[in-house]
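Here is a quick tour of the side-chain packing in one protein model. Have the viewer open and follow along.

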Amino acid sequence: MQNMYAEEDLSLLTAAVDQAKAVTRLFPASTSYQIAVPSKSAVSFISGAEASSTLDDLDYTAKDWNPFNNSYTSATGAAHVFVFSDFQKRSFQPGFLSKADSTKQYHLVPLKPGTFANVFVDSVYLEDEFVRPSGDNILHIRVYNAGNEPVEDCPVRLIIDDRQVATLSIDLAPLQATEATLGFALGEGGTKKAYVSVEDYPVEFDNTFHFVLAPSKQLSIAEVTEDTNSPLQRLYNNETFFKATRYGTGSIDYARLSAADVLILNGVKDISAALASTVSTYVKAGGSVLVIPPADGDKSSYTSLFQTLGLPASFTASSGNAVKTALMAPGKDNPFFRNTFSDYDPKMKMPAAVRSMAWSRSSEDILKYRGGAPFLSRFEKGEGQVYLMAAPLDEEYNELPSHALFVPVMYKLAIRGYKQEQQLAYSLAGGSVSIPAVQTTTREGIYKLAKDSAEYIPEQQMRGGRLIFNVPADMSEAGFYELRLNDKPVTTLAFNYDKKESFLESYTPDELRSFLTSGQSNVHVYDYSDEFSVKGEFEKRYFGVKLWKYCLILCLFFLMAEIALIRLL
């Protein structure tokens with residue numbers, strides 16, 4: 001309703017208010033009214049003067065609603081229900097009409113939009129979930145052009161804590177999303193409020209996309225290996241944002257293993273039943289596991305592990321005289337290696353390796369042998385993922401540890417396993433939010449969402465150390481909300497409008513009439529028009545054609561004619 005009205009230079013909301021006020025003037029002064037809007041239930045019955053004042057106070061909202069829901073039209077008897085809307089195709093469902101109460105008269109008054117064109121920020125996401133407070137981060141931005149014409153040089157800005165940190169201009173093709181990337185440094189100071197904005201008029205409610213950037217905690221990596229000089233320990237502990245811990249097969253702390261962000265089995269010769277069970281549970285809980293085979297080991301234990309994980313893989317082991325095969329250079333468009341190469345060379349020299357494990361039907365092949373067989377692959381397993389490397393890390397069998405690709409590959413494998421404790425943003429359209437619960441000494445406590453002076457208490461429950469709550473139905477304004485426990489701040493969450501409202505294409509009066517059944521004579525659809533023609537059509541339909549004016553005119557005419565005749569005679 002923020003769109004412009006086709007008939008005049010005013011918004012659809014203003015046009016709807018004007019037409020609704022005209023309707024109140026059709027009925028006697030004693031008539032009572034209810035005003036229903038999507039963001040709240042219908043107000044109590046009020047007088048015509050109060051209705052006019054309430055209409056003037058209406059503001060924009062992006063909440064879905066069903067105007068035929070009886071909770072909005074609780075009047076008894078033969079009530080008249082007027083629905084003023086642009087009837088957007090993405091939000092108004094034709095099935096709503098079947099819910100119309102047969103005891104009420106419904107009047108659908110379509111408002112003709114001035115344009116269907118609209119540009120909005122569809123979503124944002126990070127290159128990876130690991131937010132580096134002091135390093136470079138990459139933000140992907142999806143901007144959607146819902147109009148039929150291209151848009152050139154659309155300005156896009158990234159704001160963090162009220163400070164513009166990046167900007168660019170992009171060309172937008174019609175009826176599709178265009179993706180752009182912006183680099184930024186988060187800086188010190190903890191969680192940041194951020195938003196991406198575009199410039200577009202007249203529909204502006206969706207020009208801004210709010211999100212929260214929280215610096216990632218140190219990423220914990222648990223490595224199970226008998227190699228006391230593992231290259232992975234040196235590699236990961238060289239960076240402050242990694243914390244790698246090595247466990248020998250005889251001294252595994254299973255509790256800490258399960259709590260790690262990434263679990264690596266490196267050259268384990270015999271995988272015990274306890275370790276296999278822990279790995280399986282870890283993956284089901286959403287963890288990331290990397291399995292690197294030994295040069296030689298118990299094949300049956302690996303067969304059992306792969307069966308437990310549901311992987312079509314087998315461990316074949318390697319002999320000392322096994323032939324190494326060179327790896328194939330990764331494709332330029334391989335998403336795993338995005339931003340890895342400053343100057344991509346398809347003929348780059350690649351390492352060679354033996355093949356100690358074989359598998360098929362992976363979710364993603366990251367590296368392959370030149371013959372096409374997979375060397376490093378990812379398998380999606382529910383919420384978790386499993387990575388398999390075909391060769392041991394020993395230089396006798398695998399040249400990757402001494403190759404320039406080793407560091408970026410292992411870093412990306414680890415960072416991919418990191419999951420933020422909360423999403424960048426959530427939708428006001430509903431659904432649930434899951435975040436880690438606050439550890440308190442008391443069991444009782446109520447979580448609330450607060451924005452400025454408004455406060456909401458969502459439906460909430462604790463499950464597995466996490467707080468799960470539903471987005472309150474009456475929470476209708478996009479922006480940043482503070483989550484509080486017993487009135488103490490816990491974290492900041494960002495909420496954005498449902499994108500359905502951003503697609504402005506609407507049903508015409510004829511299309512609305514086509515959705516009615518033959519028995520719905522109590523549902524009336526008006527043509528596009530101003531308040532006076534709607535008023536006139538309604539009066540004719542329900543009050544008949546008012547002929548008293550014509551009778552009075554005729555009486556005066558005949559009276560004057562009579563006077564004239566008398567004078568002549």
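## A buried histidine

Histidine 140 is buried, at 2% relative accessible area. Keep in mind that this is a predicted model. You'll find histidine 140 in strand β4, which covers residues 136-145.

What does the side chain of histidine 140 make polar contacts with? One partner is the side chain of glutamate 127, at 2.5 Å, and another is the side chain of glutamate 179, at 3.0 Å. Skip the residues up to four places away in sequence, and histidine 140 touches Ser123, Val124, Tyr125, Leu126, Glu127, Glu179, Ala180, Thr181 and Arg338.

## The nonpolar cores

The largest nonpolar core counts 72 residues, and Tyr236, Leu265, Phe375, Leu388 and Met410 have the most contacts inside it. Helix α7, residues 406-416, supplies the largest share of this core with seven residues. Apart from that core there is another one, with 31 residues, including Val131, Cys154, Leu172 and Leu424.

Now zoom in on methionine 410. Setting aside its neighbours within four places in sequence, methionine 410 is in contact with Leu232, Leu235, Tyr236, Leu290 and Met389.

## Alanine 414 on helix α7

Alanine 414 sits in helix α7. Is alanine 414 buried or exposed? Its relative accessibility is 1%, so alanine 414 counts as buried.

Once neighbours within four places in sequence are left out, alanine 414 is in contact with Leu219, Ile221, Tyr236, Phe242 and Val262.

## Rings and a charge

How many aromatic pairs does a search of the whole structure find? It turns up 23. Tyrosine 481 and phenylalanine 495 form an edge-to-face pair, with 5.5 Å from centre to centre and 90° between the planes. This pair links distant parts of the chain, 14 residues apart: tyrosine 481 is in strand β27 (residues 479-485) and phenylalanine 495 in strand β28 (residues 488-496). Tyrosine 481 counts as buried because its relative accessibility is 1%, and phenylalanine 495 is buried too, with a relative accessible area of 0%.

Elsewhere on the ring list, Phe87, Phe92, Phe96, Tyr507 and Phe515 are linked into a cluster by ring pairs. Last stop: arginine 90, which lies over the face of phenylalanine 503, 3.8 Å from the ring centre.

Notes
Residues are numbered from 1 along each chain as its sequence is written. This is a predicted model: local features need pLDDT of at least 70, side-chain atom pairs count only at pLDDT 80 or more; totals for chains, interfaces and linings use all residues. Side-chain values use heavy atoms; hydrogens and water are left out. A nonpolar core is a set of buried Ala, Val, Leu, Ile, Met, Phe, Trp, Tyr and Cys residues joined through side-chain atoms within 4.5 Å. Buried means under 20% relative accessible area, exposed over 50%, partly exposed in between (1.4 Å probe, protein chains only). Helices (H or I, at least four residues) and strands (E, at least two) are DSSP runs, numbered from the N terminus. Contact means heavy atoms within 4.5 Å. A polar contact is a pair of N or O atoms within 3.5 Å; within protein, one must be able to donate a hydrogen and the other to accept it, and residues adjacent in sequence count only if both atoms are side-chain atoms. Rings of Phe, Tyr and Trp (its six-membered ring) pair if their centres lie within 6.5 Å; planes under 30 degrees apart count as stacked, over 60 as edge-to-face and the rest as tilted. A charge sits over a ring if NZ of Lys or CZ of Arg is within 6 Å of the ring centre and within 35 degrees of the ring normal.
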